[in-house]
Amino acid sequence: MEAGEASEVAKVECVYGELPSHKMEVRGVAMSATDNYFATNSFDSVKVWNVDLHTAQSGNGLNIECKQSLEEPNVLSMAILPGNKYLCLGTKDGQLLLYELGSNSVVQRLHPHTKEVWEISYHTNPVSLKGSMLIASASADRTIKFHTLAQKSDGSIQLNFYEKIETTDEVMGVKFTPDGKFFVFSLLD
Amino acid sequence: MKLLLNLYGHKLPVLSFDISSDGTLLATGSADKNLKIWGMQFGDIHKSLFLHQDSITCVKFIRDTHYILTSSKDREVKMVDGDSYEEVFSFDCFFGAVWGLAVSSIGDYFVAVSADKCIRVWRQT
């Protein structure tokens, strides 16, 4: 992290392009762990975009196309789960949706919160749970709820309730530390 | 599970925050227009930066670096060095509040979405 590196970063940044997309204002964006997908959400729909990394590496610009569009209103928060097969969505009325990209459908619809789900984050290998993924959702109903992601015998996955934390005010965000030992959340106060 | 630490300092709600990939820094962006950089080990505040003219909507670290990208309702996206606290770059080509940011894992491109219905993608060449 030297001064020379900083000037280098500043020099090479350039605007790649603008994508005309949603009919209403775009509220959020989530990137997949493998960089080749990102999802955007608006008041009326969620769109998944595919980024062609091969053209990106060869320096010919990024080739981005809209892959899927899900007409799901009121989505506030998103997370693309590792493997790029599922998208976890949080809605304005407190629902948590598991959306399968392959079939373009919602495979599980939970209603863990009573108010807005502001942020969803996941950790693939938390210390308290060996090997299973933990998904945290932060909500305006003053709780953070944790769900584990389990694979069923037929290969499909399911969210199971794991733990709940009650706070003194509305929770705006939640994130895990990289080592999975701690998590951080922010309140409206 | 137990609560380890409370961090106080922002005058208005923290709308977004991020942890650096090495787990040492925490950056918080608030509706009070300040970006605060905290140390994760002791919860001490390193720096408070008055960056934007309006609420900071999204804060993201670029993986494996201490560079922080911030987006704000003042229609700008800025890049800050989390160690020297210098503003590295500022992008002001938006026509509406910037609501969200996403950065690729090696930091070669990032995406910003805005209230003007556009998705803008930047890439390092």
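Begin by selecting Asp64(B), which counts as exposed because it has 12 C-beta neighbours inside 10 Å. The cut-offs are these: a residue is buried if 20 or more other C-beta atoms lie within 10 Å of its own, exposed if 12 or fewer, and partly exposed in between, with C-beta atoms placed from the backbone. You will find Asp64(B) in the loop between strand 5 (56-61) and strand 6 (67-72) of chain B.

A word on what you are looking at. This is a predicted model, in which local features need pLDDT of at least 70 and side-chain atom pairs count only at pLDDT 80 or more, while totals for chains, interfaces and linings use all residues. Residues are numbered from 1 along each chain as its sequence is written, and chains are lettered from A and ligands numbered from 1 in the order in which they are written.

**The sheet around that loop**

Select strand 5 and strand 6 of chain B, which pair in the antiparallel sense over five bridges. Strands here are DSSP E runs of at least two residues, and helices are H or I runs of at least four, both numbered from the N terminus; two strands pair if DSSP finds at least two bridges between them. One bridge to display sets Phe61(B) against its partner Ile68(B) in strand 6 of chain B.

**Chain B as a whole**

Zoom out to chain B, which has eleven strands and zero helices. Its radius of gyration is 14 Å, close to the 14 Å that the globule rule gives for 125 residues, so chain B is as compact as a globular protein of that length. That radius is taken over C-alpha atoms, and the rule is 2.2 Å times the number of residues to the power 0.38. Along the principal axes, the C-alpha atoms of chain B fill a box of roughly 40 × 30 × 30 Å. Colour by burial, and buried residues make up 47% of the 125 residues in chain B.

**Over to chain A**

Chain A has two helices and 15 strands, and 38% of its 189 residues are buried. Select strand 4 (residues 46-52) of chain A: five of its seven residues are buried, so strand 4 is largely enclosed by the rest of the structure. On one pairing, strand 3 (residues 37-42) of chain A joins strand 4 of chain A in the antiparallel sense over five bridges, and a hairpin of three residues links the two. Look for Thr40(A) opposite Lys47(A). Strand 4 of chain A also runs antiparallel to strand 5 (residues 63-70) of chain A, through seven bridges, with Asn50(A) opposite Glu65(A).

Next, show the open antiparallel sheet of four strands in chain A, ordered 6-7-8-9. Strand 6 (75-80) and strand 9 (105-110) of chain A stand at the edges, each with a single partner strand, so one side of each is left without a neighbour in the sheet. The twist averages 25 degrees from one strand to the next. Strand 8 (residues 96-100) of chain A pairs with strand 9 of chain A over five bridges, and Leu96(A) stands opposite Leu110(A).

Within strand 7 (residues 86-91) of chain A, pick Leu89(A). Buried or exposed? Leu89(A) is buried, with 26 other C-beta atoms within 10 Å. Beyond residues up to four places away in sequence, Leu89(A) touches Val46(A), Glu72(A), Val75(A), Met78(A), Leu97(A) and Tyr99(A); contact requires C-beta atoms, placed from the backbone, within 7 Å.

**Last stop: the core**

Select Cys88(A), Ile135(A) and Val111(B), which touch the most other members of the largest nonpolar core, a set of 81 residues. Such a core is made of buried Ala, Val, Leu, Ile, Met, Phe, Trp, Tyr and Cys residues joined through C-beta atoms within 7 Å. Finish on Ile135(A): leaving aside neighbours within four places in sequence, its contacts include Cys88(A), Ile120(A), Tyr122(A) and Phe146(A).

Conventions:
Axes fitted to C-alpha atoms, helices over the stretch in contact; angles between N-to-C directions. Contact = placed C-beta atoms within 7 Å.
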